Amino acid sequence: MSTELAPSDNSSPHGEQYLSFFLGAEEYALGILAVQEIVGSMPITVVPRVAKYVAGVVNLRGKIISVIDLRCRFGMARAAATRETCIVVVVSRGREVGLLVDRVSEVVTLAPGEIAPSPEFGVSVDTSYLLGVAKQEGRVRLILDIDRILATEEPARVAGGKGH
């Protein structure tokens, strides 16, 4: 399974587009412009002596890209791969990176009024990785800042994260 996403300007009079996906029961979203494609689960080659959240590398049509296990990146336990597990290939700061997620949900358009600022959880919880929280049709999606997630060496501790 490989889904290439057509370029768009990501905005309309009604809002911006996001790709939503799940890690466990929690729903997250990324700005669609950062998403290059979605590929099904494939063999990941483990690389020794890398951060725990780095799942390894994959050969994607002759190009080697790193794969980050977002569950581990957020301090959650690793999950066994299922038929819905996939890799979301994103471009961050000029490099392609794969994000291992439990399942992709949909592309949604979120109006500015549907996005609230990230809540404060106190000093022990770092929410700098959240652009905001989307509330739409009774659903809550945590909107991620992919550049901040991939830029730091420390695991992101976002709301709902459990120990690794």
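The largest nonpolar core holds 29 residues, and Val90 and Leu99 have the most contacts inside it. A nonpolar core is a set of buried Ala, Val, Leu, Ile, Met, Phe, Trp, Tyr and Cys residues joined through side-chain atoms within 4.5 Å. Buried means under 20% relative accessible area, exposed means over 50%, and partly exposed lies in between (1.4 Å probe, protein chains only). A second, separate core has nine residues, including Val58, Ile87, Val89 and Leu100.

The model is predicted: local features need pLDDT of at least 70, side-chain atom pairs count only at pLDDT 80 or more, and totals for chains, interfaces and linings use all residues. Residues are numbered from 1 along each chain as its sequence is written, and side-chain values use heavy atoms, with hydrogens and water left out.

**Around Val90**

Set aside the neighbours within four places in sequence. Val90 is then in contact (heavy atoms within 4.5 Å) with Leu30, Ala34, Val35, Gln36, Arg95, Glu96, Val97, Leu99, Ile146 and Leu150.

**The whole protein**

Two helices and 13 strands make up the secondary structure listed for the protein. Helices (H or I, at least four residues) and strands (E, at least two) are DSSP runs, numbered from the N terminus. The protein has 164 residues, and 43% of them are buried. Take the contacts with a separation of 6 or more: 59% of them are between residues 24 or more positions apart. The protein exposes about 8800 Å², and carbon and sulfur atoms supply 53% of that area. Accessible areas come from the Shrake-Rupley method with a 1.4 Å probe; for residues, only the protein chains shown count as cover.

Most residues other than glycine have a negative phi.

| Residue | Phi | Loop between | Relative accessible area |
|---|---|---|---|
| Arg93 | about 55° | strand E8 (86-92) and strand E9 (95-101) | 62% |
| Glu137 | about 50° | strand E12 (130-136) and strand E13 (139-144) | 75% |

Arg93 is exposed. Glu137 is exposed too.

Asp69 lies in strand E7, residues 63-69. Asp69 is buried, because its relative accessible area is 4%. What joins the side chains of Asp69 and Arg78? A polar contact of 3.0 Å does. A polar contact is a pair of N or O atoms within 3.5 Å; within protein, one must be able to donate a hydrogen and the other to accept it, and residues adjacent in sequence count only if both atoms are side-chain atoms. Leaving aside neighbours within four places in sequence, Asp69 is in contact with Tyr53, Ala55, Arg78 and Leu100. The C-alpha atoms of Asp69 and Val101 are 7.1 Å apart, although 32 residues separate them along the chain.

**Rings and charges**

How many aromatic pairs does a search of the whole structure find? The search finds two. Phe21 and Tyr28 form a stacked pair, because their ring centres are 5.9 Å apart and their planes are at 20°. Rings of Phe, Tyr and Trp (its six-membered ring) pair if their centres lie within 6.5 Å; planes under 30 degrees apart count as stacked, over 60 as edge-to-face and the rest as tilted. Phe21 is buried at 1% relative accessible area, and Tyr28 is buried at 0%. Ring pairs link Phe21, Tyr28 and Phe74 into a cluster.

Arginines also meet rings. The charged end of Arg73 sits over the ring of Tyr53, 4.2 Å from its centre. Arg103 lies over the face of Phe22, at 3.9 Å from the ring centre. A charge sits over a ring if NZ of Lys or CZ of Arg is within 6 Å of the ring centre and within 35 degrees of the ring normal.
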